[in-house]
Amino acid sequence: MRVTLKNRWTGEPLLHFVLLGAFTFGAWSLFGANPAPGQHIEISAFDLERMRAMSVRQWGQQPGPAQLRELVERHVREEVLYREAIRSGMDRDDVIVRRRLAQKMEFLAQDEVALPAEPVLAAWFEQHAQRYAVAPTVSFEHVLFSARLHGAAAPEVARRALAALRPGQAPGGGSAMLPASYDKQGEALLARDFGPAFAQALFALRGQGWSGPVLSPYGAHLVRLKAQDAVLPATLDAVRAQVQADWLNEHAGQARENAYARLRARYVVSVSGESGAAR
């Protein structure tokens, strides 16, 4: 299908806006109604490309002429309302606007913080190595004597099962409501699933034979440790992304404070009705 030069240009949205702008400028000049200072809103080629890109991200396709006109009008509407709000002093009277503007100033300060050189990052990691160490874990088997089935007698039933246990056997008579085996469980995870008392008791156990009972909200457990893993130090390469994020977060906070201190030094504050309050 042939596309003529005429069709190509008449289908180009940017040309529509150029022609519309020329017509509008001519009309203003003809009637002598030049806009007052601060009333001119310019839609640049960069603005149009940004709107196109926004449409592609949101809708997955380039906007047509009608869609682009709608995006431009939406931008103009927002700009007009924003300027009128500023002219009316709403930015000074609205607490939420004040806070957002203050936050934006802080974000601008922290955006200046860049990742450090490798020796600096490595030194910071060494100072905070404990933060990134792998917590100890336990792997264990257990047999549950459910409080739902045995009530308050669950611990005693568990003790009798342990006393009757023969070498090499697992205790019998337990409930199957929970998995029989758990691997590499940290104390926080066990506390979440079985309660803090159970987690503390399990990490205090020594040896790999059956022992107990260890109590939890589920009832009384006989447990056998399969493995205990001690605290493992981390390497910088293994946790580099987290170390970089933590370093940036800490230094961004300091950058915000430094930037505020520089700005604060420009002002003298006086509090009405308090003598000596100026500072």
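Biologist: Hi! Which residues in α7 meet which residues in α13?
Modeller: E118, V120, L121, W124 and F125 in α7 meet R240, V243, Q244, D246, W247, E250 and H251 in α13, where contact means heavy atoms within 4.5 Å. This is a predicted model, with local features needing pLDDT of at least 70 and side-chain atom pairs counting only at pLDDT 80 or more, while totals for chains, interfaces and linings use all residues. Residues are numbered from 1 along each chain as its sequence is written, and side-chain values use heavy atoms, leaving out hydrogens and water.

Biologist: At what angle do α7 and α13 pack?
Modeller: At about 90°, with their axes 11 Å apart; axes are lines fitted to C-alpha atoms, for helices over the stretch in contact, and angles run from 0 to 180 degrees between N-to-C directions. That makes α7 roughly perpendicular to α13 (65 to 115 degrees).

Biologist: New topic: which residues of α10 are buried?
Modeller: A154, P155, V157, A158 and A161, buried being under 20% relative accessible area with a 1.4 Å probe, protein chains only. Helices here are DSSP runs of H or I, at least four residues, and strands are runs of E, at least two.

Biologist: And what covers those buried residues?
Modeller: The cover includes β1, α9, β3 and β4.

Biologist: In what order do the strands of the open sheet come?
Modeller: β2-β1-β4-β3, with antiparallel pairing; two strands pair if DSSP finds at least two bridges between them. The edge strands are β2 and β3.

Biologist: How many bridges join β1 to β2?
Modeller: There are 4.

Biologist: Which strands does α11 lie across?
Modeller: Helix α11 lies across β1, β2, β3 and β4, and runs at about 125° to β2.

Key:
Angles under 35 degrees count as roughly parallel, over 145 as roughly antiparallel, 65 to 115 as roughly perpendicular and the rest as oblique. Buried means under 20% relative accessible area, exposed over 50%, partly exposed in between (1.4 Å probe, protein chains only).
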